[in-house]
Amino acid sequence: MVGERMMGEHVHWMLEVALKNGAAEDFKALMHEMVEATKKDAPGALIYEWSFDEAETACHIYERYADSPATMVHLNNFGTKFAGRFMQYAQPTRMTVYGAPDETVTAPLKRLNATFMHELDGFAW
């Protein structure tokens, strides 16, 4: 039904980053560490996918979480364990956020100049 909220409480985004010159191998090593940590420490993570362009100068990271509290578990882990090294190797260029983030999620993502898309209709299984 148009206008009816059918997507649930999921929070998801696409983060696009430009890799700093010569940082691809270090960034990929960090990626593997972050993927394993997310599997272990973020039970509400539903999708966590990293994709590189052919030249390995850009990376898109697609993340989906069960809800805002699950998202905050991941954001807190990222902030305490990985943010410094992540920013050492990559520069965020664009972030688009979808779903139903609450203020605890939107506040830190606004610091990344995220664009927030509001759902109008659809479904997710």
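**Burial and contacts**

Author: Lys28 counts as buried, at 18% relative accessibility; buried means under 20% relative accessible area, exposed over 50%, and partly exposed in between, with a 1.4 Å probe and protein chains only. This is a predicted model, in which local features need pLDDT of at least 70 and side-chain atom pairs count only at pLDDT 80 or more, while totals for chains, interfaces and linings use all residues. Residues are numbered from 1 along each chain as its sequence is written, and side-chain values use heavy atoms, with hydrogens and water left out.

Reader: Where is the place of Lys28, and what does Lys28 touch?

Author: Helices (H or I, at least four residues) and strands (E, at least two) are DSSP runs, numbered from the N terminus. Lys28 lies in helix α1, residues 24-41. Contact means heavy atoms within 4.5 Å; not counting residues up to four places away in sequence, Lys28 touches Phe52 and Glu56.

Reader: Is Val11 buried or exposed?

Author: Val11, which is placed in strand β1, is buried, with a relative accessible area of 0%. Leaving aside neighbours within four places in sequence, Val11 is in contact with residues including Tyr65, Thr71, Tyr98 and Val105.

Reader: Which residues of helix α4 are buried?

Author: In α4 (residues 103-110) they are Val105, Thr106 and Leu109. Seen down the helix axis, these fall within an arc of 95°, so they line one face of α4; the arc is that of the directions from the helix axis to the C-beta atoms. Their cover includes β1 (11-19), α2 (68-81), β4 (90-99) and β5 (115-116).
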